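Have a look at the fold below, then read on.

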Amino acid sequence: MHNKTFVAAAVGLGLVALSACGSSQGQDKTDGKTVTLVSHDSWAVSKSVLADFEKRSGYKVRVLKDGDAGQAVNKAILTKDNPQGDVLFGVDNTLLSRALGNGLFQPYAAKGLDKVGARYQLDGKHRVTPVDYGDICVNYDKAYFSEHHLAPPQSYADLTKPQYKNLLVTENAATASPGLGFLLGSAARFGDNGWPDYWKKLEANGVKVVDGWEQAYYQEFSGSSEGKKAGGDRPLVVSYASSPPAEVIYAKKRPATAPTGVATGTCFRQIEFAGLLSNAKNPKGAKAFLDFLVSREFQEDMPLNMYVYPVVAGAEVPADFTKYGPPARHPETMAPEKIAADRDQWVKTWTSLVLK
């Protein structure tokens with residue numbers, strides 16, 4: 001949930017978002033002094049915060065990034081008998097049952113878990129630790145709608161109306177977590193029997209599907225700074241409620257208001273987790289790292305780095321983040337058991353409807 005995202009800009013602000021982090025580069029990941037984190041591409045943390053963890057714990061952190069969350073989880077499942085690392089970060093509630101069903105993690109109740117809200121703790125066996133949350137939502141290009149004297153859509157149903165024909169780009173639900181989240185949101189909104197008809201209407205209304213978030217947001221969406229440069233011509237994109245503040249904060253000349261907005265009736269709540277990988281070579285270091293992820297220091301560092309909200313009670317969120325990217329008040333949600341039971345069939349049906 002995430003802006004999977006503004007990583008290049010984040011590096012310029014002193015964040016760690018590389019394939020190998022800090023002074024751990026080149027170290028043997030099995031030496032007992034190195035913790036290897038496997039993550040999706042959006043992982044980022046302030047250098048000073050990571051350095052503080054390394055100094056206090058005695059471990060060095062090595063980061064391996066494996067693309068989108070779906071790709072990272074699938075690769076972790078394939079390599080679970082001889083995992084790439086010790087901790088996996090980035091599995092979300094749309095993919096959680098797949099990870100747990102494949103025995104990807106071993107139980108560990110992180111220190112500080114008692115400060116994490118119960119609504120984020122979706123696994124009673126503590127095989128995963130909640131780290132952050134956010135909302136997958138349709139974003140819109142304010143300038144486009146102003147110039148065309150058109151009110152932006154505000155709900156799932158609005159997106160099927162004729163005035164929004166050929167305006168929306170979304171991600172493939174089979175390959176990208178925001179695309180899957182948007183599909184699940186529509187299923188939560190319209191029900192088991194209603195969502196296929198909804199997608200038939202979207203398809204007839206010219207929805208465009210691309211492989212992943214970066215292509216959708218940076219190339220196709222006319223409202224993002226990179227999309228403008230790339231000649232993007234879609235003023236509606238499936239992204240995150242936290243995307244608008246990034247457009248403000250990373251702008252060369254900071255605008256007074258965000259150039260993009262959020263269709264608040266199109267949001268699906270996403271929760272991200274981290275877990276101690278089965279057969280991890282450094283379980284002790286992995287546990288220390290999981291404790292770190294729910295520490296107040298890390299939780300307060302996250303919002304302006306990965307554009308997500310903290311799950312630890314009392315963790316402060318920067319004013320700029322809450323001003324330009326508040327979480328949805330009434331996002332669609334879905335029980336993990338429901339996702340587990342229907343996700344794969346829904347994706348199969350979705351593929352036949354939209355990618356025919």
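Two strands are said to pair if DSSP finds at least two bridges between them. Helices (H or I, at least four residues) and strands (E, at least two) are DSSP runs, numbered from the N terminus. This is a predicted model, where local features need pLDDT of at least 70, side-chain atom pairs count only at pLDDT 80 or more, and totals for chains, interfaces and linings use all residues. Residues are numbered from 1 along each chain as its sequence is written, and side-chain values use heavy atoms, with hydrogens and water left out.

**Strand S2 and its partners**

Let's start with S2, which covers residues 34-39. On one side of it sits S4 and on the list too is S5, as set out here.

How many residues of S2 are buried? Buried means under 20% relative accessible area, exposed over 50%, and partly exposed in between (1.4 Å probe, protein chains only). The count for S2 is 6 of the 6, so the strand is largely enclosed by the rest of the structure. Thr34, Thr36 and Val38 point one way, Val35, Leu37 and Ser39 point the other way, and all are buried.

**The disulfide**

There is 1 disulfide in the structure, a disulfide being a pair of cysteine sulfur atoms within 2.5 Å. Cys137 and Cys267 make this link, with S to S at 2.1 Å. Because Cys137 lies in strand S7 (residues 129-141) and Cys267 in the loop between S11 and strand S12 (268-277), the pair ties together parts that are 130 residues apart in sequence. The link is right-handed, with 115° about the S-S bond. Both Cys137 and Cys267 are buried.

**Thr260**

Strand S11 (residues 260-262) also holds Thr260. Thr260 is buried, at a relative accessible area of 2%. Contact means heavy atoms within 4.5 Å. Beyond its neighbours within four places in sequence, Thr260 is in contact with Tyr140, Lys142, Phe221, Gly223, Pro244 and Glu247.

The predictor's confidence in each residue is the pLDDT, from 0 to 100. Its mean over the protein is 89, and 91% of the residues reach 70 or more. Over residues 1-29 the pLDDT is below 50, though this stretch has 100 contacts in the model beyond near neighbours in sequence. Where pLDDT is low, the predicted coordinates should not be read in detail.
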